[in-house]
Amino acid sequence: MPTFRDFMERSLYDPKLGYYSRRLPRADFYTAPQLHPAFAQVLARRLAALCRELRLDRPRVIEAGAGDGALAEQLLPALPAGARYCVVERSAAALALAAARLKPRFARLDCRAGLAELEPGDGIVFSNELVDSFPAHVLQMEGGKVRELYVDDSGREFLGPLSKPQLRAHACRAAAFLGEGQRHAVNLEIAPWLEEVARVLTRGALLTIDYGAKMGAAPNPPRAFYRHSLPDDLSARPGRQDLTASVDFDELIRAGRALGFKLHYYGSLAGFLIEGGIGDFLPTGQSAADVKSRAQVKTLLHPEAMGEVFKVLIQTKEEPRG
Ligand SMILES: C[S@@+](CC[C@H](N)C(=O)[O-])C[C@H]1O[C@@H](n2cnc3c(N)ncnc32)[C@H](O)[C@@H]1O
């Protein structure tokens with residue numbers, strides 16, 4: 001029986017029919033680099049500071065889940081001289097767009113389909129809105145019992161038993177806070193993803209920007225995005241609407257700690273951008289273009305837009321002593 005996780009995997013990543021293979025996400029949602037170049041400027045400043053703090057010379061900067069390369073295009077000119085940049089993108093269509101956009105302009109660029117293709121080394125791995133696009137299992141309370149959501153081949157949703165033993169602990173915890181009919185997404189991809197990052201990164205930092213929070217004991221319902229709205233029906237339009245589950249940053253911190261990553265920074269996107277001096281990258285004039293530019297930045301900072309809804313996590317990793 002196909003779980004919702006299997007359905008989400010196919011809907012987003014089927015090489016022919018998957019959302020990320022055939023649709024440009026900005027038709028359905030905007031990500032921070034599409035909103036304003038100041039996001040990339042602050043991020044570049046922070047990446048450069050991390051390279052200095054961690055004494056990473058000629059750093060390798062790996063952008064995971066780079067989409068069509070829009071963020072890389074803005075970041076690359078602002079990174080420290082000597083930095084080598086690697087775009088990692090699972091969707092072959094998006095990777096081809098990123099390569100066409102970036103390769104003619106940036107000589108020191110590597111494009112890869114997955115972290116598994118990379119050799120271990122020092123550096124920084126970072127992502128923007130990657131982890132929330134990992135396929136998630138969905139639990140639902142029904143008749144006082146926590147069950148798992150399945151989607152059959154005709155798109156009909158139904159509930160069934162837990163498909164994996166690892167879900168049992170999540171179901172026990174969720175039983176305490178899920179109300180009847182409520183749903184809760186469980187991202188089991190975080191641990192294997194971090195294991196891969198830990199293999200690639202012998203020493204350095206992992207910086208994650210994503211929708212989410214330290215969830216604690218609260219439901220985390222999965223969501224769909226279609227034409228800048230949030231439709232209720234998750235299994236409608238397979239391959240034509242985005243599916244996503246907010247990130248439980250506690251999970252990233254906990255799983256990272258088990259692999260030798262230390263918590264270096266955690267905060268809201270607004271805090272990260274303000275501390276990083278976003279004001280330095282905004283126009284100060286009164287022309288219509290300047291006023292519009294400053295208004296666009298408000299979406300990045302406003303608590304109910306992206307400012308508090310997105311979080312930034314930095315974890316660092318030292319070389320194992322040996
Ligand atoms: C929401 S988009 C974000 C794109 C870009 N980072 C941005 O900010 O505009 C998520 C991207 O991550 C990619 N992705 C998902 N899982 C991946 C993985 N395991 N490795 C590399 N890329 C992945 C998807 O194909 C998609 O392009």
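A polar contact is taken here as a pair of N or O atoms within 3.5 Å; within protein, one must be able to donate a hydrogen and the other to accept it, and residues adjacent in sequence count only if both atoms are side-chain atoms. The structure is a predicted model, in which local features need pLDDT of at least 70 and side-chain atom pairs count only at pLDDT 80 or more, while totals for chains, interfaces and linings use all residues. Residues are numbered from 1 along each chain as its sequence is written, and side-chain values use heavy atoms, with hydrogens and water left out.

View 1. At R90 a polar backbone atom is 3.1 Å from a nitrogen atom of the ligand. Of the 610 Å² of accessible area that the ligand has on its own, the protein covers 91% (Shrake-Rupley method, 1.4 Å probe; for residues, only the protein chains shown count as cover).

**View 2. The shell around the ligand.** The ligand has 16 residues around it, of which T31, G65, E89, R90 and N128 come nearest (a residue is near if one of its heavy atoms lies within 4 Å). By class, this shell holds 7 nonpolar, 6 polar and 3 charged residues, where Ala, Val, Leu, Ile, Met, Phe, Trp, Tyr, Cys and Pro count as nonpolar, Asp, Glu, Lys and Arg as charged, and the others, Gly among them, as polar.

**View 3. The largest pocket.** On a 1 Å grid over the protein atoms alone, a pocket is an open set of points with protein on both sides within 12 Å along at least five of seven lines, a cavity is a set of points where a 1.4 Å probe fits but cannot get out, and lining residues have an atom within 4 Å of a point. The ligand sits in the largest pocket, in the sense that more than half of its atoms lie within 2 Å of the grid points. The lining comprises 24 nonpolar, 11 polar and 12 charged residues.

**View 4. The largest cavity.** The largest cavity has a volume of about 190 Å³, and of its 15 lining residues A185, V186, N187, D248 and E251 are the closest to its centre. At least two lining residues come from each of α7 (167-175), β8 (183-186) and β12 (247-248), with β8 supplying the largest share, 3 residues. The lining of this cavity divides into 6 nonpolar, 6 polar and 3 charged residues.

Conventions:
Points joined across faces, edges and corners; volume = space filled by probe spheres on them. Helix = DSSP H or I, 4+ residues; strand = E, 2+ residues; numbered from the N terminus.
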